Amino acid sequence: MHRIAFLWVAKSQLSSRESDAPVSCPRHTIRLIPAGRLGLRRKDSNFTQRNDALQCIDSVASRRFFNDSHRFYRNRFIVRCVILARNATIMIIETDASDRGGAETLRRYELDGAYDEMFRTADHPRKQYRLLHNLLLSLGPGELRRSKHEADQSFFNQGITFTVYGNDKGTERIFPHDLLPRIITAAEWERIERGLTQRITALNLFLKDVYHEEKIIEDGVVPGKVVYTCKHYRRGMRGIKVPRDVYITVVGTDLIRNPEGDFVVLEDNLRVPSGVSYMLTSRRVMKQIFPGLFQKCRVRPIEQYSQELLSTLRFLAPEGRSEPTVVLLTPGAYNSAYFEHAYLARRMGIELVEGRDLVVHDNVVYMRTTFGLQRVDVIYRRIDDDYLDPLVFERGSALGAVGLFNAYRAGNVAFANALGTGVADDKAIYAYVPKIIRYYLDQDPILESVETLLMSDPAQRDHVCQRLEEYVVKAVGESGGYGMLIGPHSTEQERSEFREKINAQPRNYIAQPTINLSTAPCFVDGTIEPRHVDLRPYVLYGEKVTIVPGGLTRVALRKGSLVVNSSQGGGSKDTWVLQN
Amino acid sequence: MLSRVADSLYWMSRYFERADNASRVLKATYNLILNPAKFSTEERWFRAVSSLAPGAASSNLDPQRALFLLVADTEGVFSVVNCISAARENARQVRDEISSEMWEHLNRLFHDVTGIELQPNDDAGAMRAVSLVREGSYRFSGITAATMNHDEAWHFIQLGKYIERACNLSILLDAYFVVDKHADDLDWVGLLSSCAAFEAYCKACTAELKPERIANFLLLKPGFPYSVRYSLDRMHEALTSINNLSLSRRTEKVERLIGRLQSMVAYVQVDEIIAELHKYLVAITEQCRELHAAVHELYIEYPIEGAFQN
């Protein structure tokens, strides 16, 4: 009886609606889906006539329903499909009324003009998302909530947390994350990989040049004035030969997708990029939560990152040290990224040292162990340039060790990344990166950059100051989403404050047109809604350039927000790069 | 291993053991005060406080607040909650050295215990916290033994655990035997359960509670994990292993101290010490302190000169 009622309702609703729209009724959701989309044999099965659909349902009903039909069970769902005459297939997804299905959770998914990662149009998921989409159709909010809870618990128990400053109770929070993976096709990834390799190679050549011969400045491609006024330009690095000429060993480049769907570079992080541990741990959790989906999607692995990182670091060891000692230098347990430092050190099997563990003697770096002093060859430092050596930089710093810089100059120890790399990720230099790529490699950039206006240029400054509400203004030396104005979301007062700041220190600011970042489905408060995302792949530069297929997808979890930084209410998503 | 890491492991282990000891003592004391006896409630709390927080025991102790202070007071360095926090904090500093299972367990225990949000006079809550720590401690020992390499790090953990246990047991025995004239059977049961020893004692010496036998059991019994003798034996093992690993460093002083300490319990009989028990127990704690300083100087804070490897 239950089924008769169900079909009858479906029929009566169909008569009054367009045939291919999803049909919903109070207790059930019914969707007619072309056979091909579920991998069935017939592809030409779209209902063109409403009456066809009605007839199909009638004939199904008359045959006592599904005696000769295929059925699949998916959790609480029964998916039935009946292959009928007239080259048509009926798919009816019947939900268990106790936990209404995914169509319900997806109901509030509204596209807002940005490129959406999952949906091509409101009803058509992209090919790479179809498996996920089907799964979402079959999972109710209750089930998603349970999965989310399981994932949270797993993060919490593993201690995957970051530190919140200025809060003496619960100083640790789990890193906010979203349950649903973000999926990238093999073709898209191939382009990203080529583009990043090209970009990093050029930037490394640029760094070597500005700290040695300065040919690019002589040739007038990048003005010397811009280079020397960078906040992170380190005069002390001039003329120092860095091991293997590798300045930037570890890079995290932020990519975004513009409304046309192309990936463009938003920002380079060439100093101490973080977040890679979230990429690795959220993958572990996702495999636990969606094992079936993961396997079916054929996702490329990223677990080899730690081995790649270790061999990249060992490549930097000074000559003649055949079994180099590599260490990771952390500011300590109170640093917000401490979890990541400990995690990486453990995964690589190297010592996690603090400044107070290091001793420099005769320009050689040692660490204090219970066996005595042991020589250190390569330091993967997760401390900013300024705090590394109180003799040379910030005098009051207790995070580094006295004499490190001299040991570095003497070639007895290698740093990853080298010092002074911040000059190449300055946001004013960013505007010149396409030129830098052409200059050193004689190639067109594969990944485009975002149009960038320099506020030090009077004409561009005037232009922007008159239209602040259209632009995003950023301080050049900052990161983490600080010191930033998002024009369309700003108040008049904020804009006038920024106008003053820009006019006071023009060199300190750049402006970019507001880009509507692409959106991806996120599980928020029991429903699935689109949220803006970016993508940070991690690039390793050693003997060769290595990029593990994946990255950190950062999500602006607040509705409508375009800021994805974790310090500003952002979260993360696992990123699945598909096998070809 | 990094000296700083060894230090943190050592202290993680010591603080955990301290929290565990306090939990045992508090549980036993709380059971004791439910019964009428020659001792007043105040005296019994005073005994517990003086064994757990030497120096903090003041004469005008409010028994209503004693339990709260010893379990949850965030000012008191010796409270159970503070010891668990300190253990976790030390573990956090060396997150990469201990196994994930150890960290997860300790972290969860910390959140469970602090999650109780104890108020003064909430005796049931306090006892719940204490029970969590008791169970958590057994589990932590098991997880540690089962998931870690039994290498240098493990030996430092063992060293911290047993040096703390030896000190705690000596102080606790002292607190009970100093006033043993008034003690009745219930008090002796209290002492034994403070050392998780009641059942083991009954098995070995029957349920007849004689102070001398109890002292013998808790001090000199080599096979019982909560005896001073057992603790010192484990310390000796741990130090020997660490010394062997460290090759040619100057380990004589540490070896001499642990040897002397061990011989204090290995080659005596209880009737030789029972008359001067207080002096004997104080000597043990003193020597433990000396040993701690020597280990610290040898492995943690050594002078740079002459410390270069090879």
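Which side chain does the side chain of B:R24 join in a polar contact of 3.3 Å? Hold that thought for a moment, everyone, while I cover the ground rules.

This is a predicted model, so local features need pLDDT of at least 70 and side-chain atom pairs count only at pLDDT 80 or more, while totals for chains, interfaces and linings use all residues. Residues are numbered from 1 along each chain as its sequence is written, chains are lettered from A and ligands numbered from 1 in the order in which they are written, and side-chain values use heavy atoms, with hydrogens and water left out.

Back to the opening question. The partner is B:E17, whose side chain is joined to that of B:R24 by a polar contact of 3.3 Å. By polar contact I mean a pair of N or O atoms within 3.5 Å; within protein, one must be able to donate a hydrogen and the other to accept it, and residues adjacent in sequence count only if both atoms are side-chain atoms. You will find B:R24 in helix α1 of chain B, residues 3-33. Helices (H or I, at least four residues) and strands (E, at least two) are DSSP runs, numbered from the N terminus.

Is B:R24 buried or exposed? B:R24 is buried, because its relative accessible area is 2%. The cut-offs here are under 20% relative accessible area for buried, over 50% for exposed, and partly exposed in between, with a 1.4 Å probe and protein chains only. Setting aside neighbours within four places in sequence, B:R24 is in contact with B:E17, B:R134, B:S193, B:S194, B:C195, B:A196 and B:Y226. Contact, for the record, means heavy atoms within 4.5 Å.

While we are in chain B, please look at helix α3, residues 63-72. Seven of its 10 residues are buried, so α3 of chain B is largely enclosed by the rest of the structure. Those buried residues are B:P63, B:A66, B:L67, B:F68, B:L70, B:V71 and B:A72. They pack against α1, α2 (41-52), α4 (80-93) and α6 (123-147) of chain B, and α1 is the helix that carries B:R24.

Now over to chain A. Chain A has 17 helices and 31 strands, and 59% of its 580 residues count as buried. Among its contacts between residues at least 6 apart in sequence, 68% join residues at least 24 apart.

One residue I would like you to zoom in on is A:N269, in strand β12 (residues 263-269) of chain A. A:N269 counts as buried because its relative accessibility is 9%. A polar atom of its side chain lies 2.9 Å from the backbone oxygen of A:G252, and its side chain also makes a polar contact of 3.4 Å with the side chain of A:D254. Beyond residues up to four places away in sequence, A:N269 touches A:V250, A:V251, A:G252, A:D254, A:D425 and A:R536.

Next, how do the two chains meet? In chain A, 31 residues are in contact with 33 residues of chain B. The area buried between them is about 3000 Å², with carbon and sulfur atoms giving 46%; buried area is the accessible area (1.4 Å probe) that two parts lose on being put together, summed over both. A:R368, A:T370 and A:F371 supply 26% of the area that chain A buries against chain B, more than any other three residues.

How many salt bridges does the rule find across the interface of chain A and chain B? There are two, where a salt bridge is a side-chain nitrogen of Lys or Arg within 4 Å of a carboxyl oxygen of Asp or Glu. One of them joins the side chains of A:D357 and B:R4, at 2.6 Å from N to O. On the chain A side, α12(A) gives the largest share, five residues.

A:V359, in strand β15 of chain A, is worth a visit too. A:V359 is buried, because its relative accessible area is 15%. Leaving aside neighbours within four places in sequence, its contacts are A:V364, A:V365, A:Y366, A:R368, A:L373 and, from the other chain, B:I304.

Last stop, the cysteines. The structure holds zero disulfides over all chains, a disulfide being a pair of cysteine sulfur atoms within 2.5 Å.
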